Amino acid sequence: MLKEKLRERKLRQGLTWAGLPLVAILGWFYPWLGFLLLGCMAGAVGVAIFRGRAWCDWMCPRGAFFDLFIRPLSRRKAIPAFFRSQKVRVFMLFLIFTMIGTQWYLARGYLAAMGLALVRLLTITTLVGIILGLVIHPRVWCHICPMGTLAHWLSGGKNPLFISRTCTGCRACARACPMQLKPYEYRLEGLVGDNDCLKCGTCVAACPRRALSFDSGESKRESGLVA
Ligand code: SF4
Ligand code: SF4
């Protein structure tokens with residue numbers, strides 16, 4: 001069942017990643033495609049209100065692209081704490097929105113120029129994300145992506161990941177996590193309280209003790225807290 005879910009995830013990612021070249025390449029010829037970026041931004045924030053950072057898992061074309069194409073080539077090093085710091089995230093948010101605002105101001109209401117500004121931004125940030133992905137880890141960009149940051153702030157307590165005390169601390173979950181989170185660290189709390197969780201379920205499938213679950217009842221049964 002879990003393996004099936006992961007297969008489904010791969011299939012979905014196999015469809016959504018195509019949105020990235022659609023905008024980042026074709027957008028240079030058809031600038032109005034840049035406005036699709038606004039839909040992606042709204043999606044990331046909208047989904048976060050109800051489901052946490054689930055959008056970033058497979059609905060975001062760039063996230064899917066990183067998992068499918070950059071992960072096999074990446075050095076997969078530990079993501080430096082720098083990329084997780086709130087200061088860096090806030091700086092990136094400010095930088096990207098300032099860039100959009102400035103370019104839209106200079107476009108003076110000319111829609112093609114406004115669309116092209118979004119295409120340009122997507123292209124540049126994707127190149128940065130690819131370089132970081134190859135040199136460090138495929139999902140580094142997802143820690144400093146402005147939409148990811150907004151989703152991170154809105155994600156608290158949404159669609160929580162439970163962990164039971166049957167966890168032995170083997171760390172297989174952390175090795176499998178695309179965001180390099182450490183679910184086992186929350187064993188005593190019973191709830192993985194990291195807002196960067198993408199709700200992908202990779203750790204759930206990787207856990208040999210079945211200690212992780214998005215279903216609180218299942219987690220309690222595994223831990224023997226309920227019959
Ligand atoms: S994989 Fe399971 S048993 Fe191992 S550390 Fe993670 S939650 Fe605990
Ligand atoms: S903690 Fe588990 S569900 Fe959350 S991003 Fe990591 S692997 Fe996916």
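Visitor: What's going on in residues 88–106, helix or strand?
Guide: That span is 100% helix and 0% strand, and its end C-alpha atoms lie 27 Å apart. Helices here are DSSP runs of H or I with at least four residues, strands are E runs of at least two, and both are numbered from the N terminus. This is a predicted model, where local features need pLDDT of at least 70, side-chain atom pairs need 80 or more and totals use all residues, with side-chain values taken from heavy atoms, leaving out hydrogens and water. Residues are numbered from 1 along each chain as written, with chains lettered from A and ligands numbered from 1 in written order.

Visitor: And residues 35–52, how far apart are the ends?
Guide: Their end C-alpha atoms are 24 Å apart, and that span is 89% helix with 0% strand.

Visitor: Which residues does UniProt call "transmembrane region"?
Guide: The unreviewed entry puts that label on 35–52, 88–106 and 112–136. Such annotations, given in the numbering used here with shortened feature names, may be inferred rather than shown by experiment.

Visitor: Zooming out, how many helices and strands in the protein chain?
Guide: Twelve helices and three strands. The C-alpha trace spans about 65 × 30 × 30 Å along its principal axes.

Visitor: New topic. Where does Ser74 sit?
Guide: In the loop between α5 (61–70) and α6 (86–107).

Visitor: Buried or exposed?
Guide: Ser74 is buried, at 11% relative accessible area. Buried means under 20%, exposed over 50%, and partly exposed in between, using a 1.4 Å probe and protein chains only.

Visitor: What does Ser74 touch?
Guide: Leaving aside residues up to four places away in sequence, Ser74 touches Gly133, Leu134, Ile136, His137 and Pro138. Contact here means heavy atoms within 4.5 Å. The Ser74 side chain also reaches the backbone nitrogen of Arg76 at 3.0 Å.

Visitor: What about Arg76, where is that one?
Guide: Arg76 is also in the loop between α5 and α6. With a relative accessible area of 43%, Arg76 is partly exposed. Its phi is near 50°, which is positive, though Arg76 isn't a glycine.

Visitor: Last one: what does Leu161 touch?
Guide: Not counting residues up to four places away in sequence, the list includes Gly190, Leu191, Val192, Cys197 and Leu212.

Note on methods
A polar contact is a pair of N or O atoms within 3.5 Å; within protein, one must be able to donate a hydrogen and the other to accept it, and residues adjacent in sequence count only if both atoms are side-chain atoms.
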